[in-house]
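Me: I am new to this structure and would like to go through it with care. Could you show me the sequence and the model, and then take my questions in turn?

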Amino acid sequence: MVTSCCVPECNQKGKKTSTGEKVSFFEFPRTPLRKTQWIHAIRREEGKQFKIVDGTKVCLLHFRREDIRKSFNGRAYVVAGGIPSRFAWSVHSPRKRKAPPKRHPLPPKKKLFTTTSTSSQAELVSETDAMVESVTQLTSTASNSKSNRNTDLLISNRDTDLEFNVQKKIEDMEQELLKLRQENTGLKKKLDELEKQHEVISARLFCLERFTSDADSNFYTGLPNYTTFLGLFNFLDPDEDGENIRSDAQMSAEDVVRTQQIASLRIHVERAINKIKNFRIWNGVVPLSLFSVVNQMWTFCAFLSNTQDPLISSIT
Ligand SMILES: [Zn+2]
């Protein structure tokens, strides 16, 4: 029996074409999916009229060159995934229609409208989707120029829709930008205020940077000027908290308390002495003639000072 091709409108019978070229025949693939793909491709359906058996074959003429491989012994076979694609009906349209622009899903609509309107919009969109789908199906079954135009129209509609969306988005962003700018100016004002406050507070702070004048540094450190102080400071390199110049033999807690107590007592002694000194008799130089009684004078003044107000007021 002469092998024949099962593709409609194909008259290939036998292993050679009318021009004498060798033609191979291929059986349908065994895997159901690929088998279905082939049946779809040749535009037939399995039924009473058409049944795929071992002898049902598709000839070489329906395959693109890249779908066919040749084994070492010269036998042709279809590569994995190869599907017949060259048919009598496909030859009629040499110019392929341009592929439609890639469709992007619409961005989710902002809730500018009420929920009912958005749902109706969503319905509309799904409806258009369905329409586009049906139209594309129509065009695939029969290349009808009118339906083509319809798809184009629909596509242009979708374009304007997209444009509208983009414009809306831009407007939203502009508004947001304005808001952010206002916020920014507000924050800048606040920052200025805080900086001023910081300046005021830092002016009150007792720190090194405040006493840069020679008089101040002389007053607080006893050094002739600020440059000298800075030189000494850098030489000692005390680091933060002065840990670099802290003595190794640290005072014990007891010693610290004792030193503090002595210091506070010393202040009292100083004050008491001052009280005695405040008597007018000690203004100016004590004449040498009073040398013999100077001790009695001092003792007496001390005695008198005891009758004055106490050193520590009762409140403190
Ligand atoms: Zn054929």
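Me: Which residues does Val 58 touch, not counting residues up to four places away in sequence?
Reply: This is a predicted model, in which local features need pLDDT of at least 70, side-chain atom pairs count only at pLDDT 80 or more, and totals for chains, interfaces and linings use all residues. Residues are numbered from 1 along each chain as its sequence is written. Two residues are in contact if their C-beta atoms, placed from the backbone, lie within 7 Å. With that rule, and leaving out residues up to four places away in sequence, Val 58 touches Cys 5, Cys 6, Val 7, Phe 26, Trp 38, Ile 42 and Pro 84.

Me: How many residues make up the largest nonpolar core?
Reply: A nonpolar core is a set of buried Ala, Val, Leu, Ile, Met, Phe, Trp, Tyr and Cys residues joined through C-beta atoms within 7 Å. A residue is buried if 20 or more other C-beta atoms lie within 10 Å of its own, exposed if 12 or fewer, and partly exposed in between, with C-beta atoms placed from the backbone. The largest such core includes Val 58, Cys 59 and Leu 60, as well as Trp 38 and Val 78, and its residues number ten in all.

Me: What share of the 316 residues is buried?
Reply: Taken over the protein, which has 316 residues, the buried share is 5%.  Helix α7 (residues 253-277) lies largely in the open, because zero of its 25 residues are buried, and α8 is hardly covered, with a count of zero among its twelve residues. For the protein, then, the value asked for is 5%.

Me: In what order do the elements run from the N terminus on?
Reply: Helices (H or I, at least four residues) and strands (E, at least two) are DSSP runs, numbered from the N terminus. The protein has eight helices and four strands. Their order is β-α-β-β-β-α-α-α-α-α-α-α.

Me: How far apart are the end C-alpha atoms of helix α7?
Reply: The expected span of a helix is 1.5 Å times one less than its number of residues. For the 25 residues of α7 this should come to 36 Å, and the end C-alpha atoms agree, as they are apart by 36 Å.

Me: Is Arg 75 buried or exposed?
Reply: Arg 75 sits in the loop between β3 (68-70) and β4 (76-78). Ser 24 is 51 residues away from Arg 75 in sequence, yet 8.4 Å away in space, C-alpha to C-alpha. Because Arg 75 has 9 C-beta neighbours inside 10 Å, it counts as exposed.

Me: What is phi of Arg 43 near?
Reply: Most residues other than glycine have a negative phi. Arg 43, found in the loop between α1 (32-41) and β2 (57-59), is exposed, with 12 other C-beta atoms within 10 Å. Its phi is a positive value, near 60°.

Me: In which helix is confidence lowest?
Reply: The confidence here is pLDDT, the predictor's confidence in each residue, from 0 to 100. The mean for the protein is 81, while α8 has the highest mean, at 93. Where pLDDT is low, the predicted coordinates should not be read in detail. Confidence is lowest, at a mean of 58, in helix α3.
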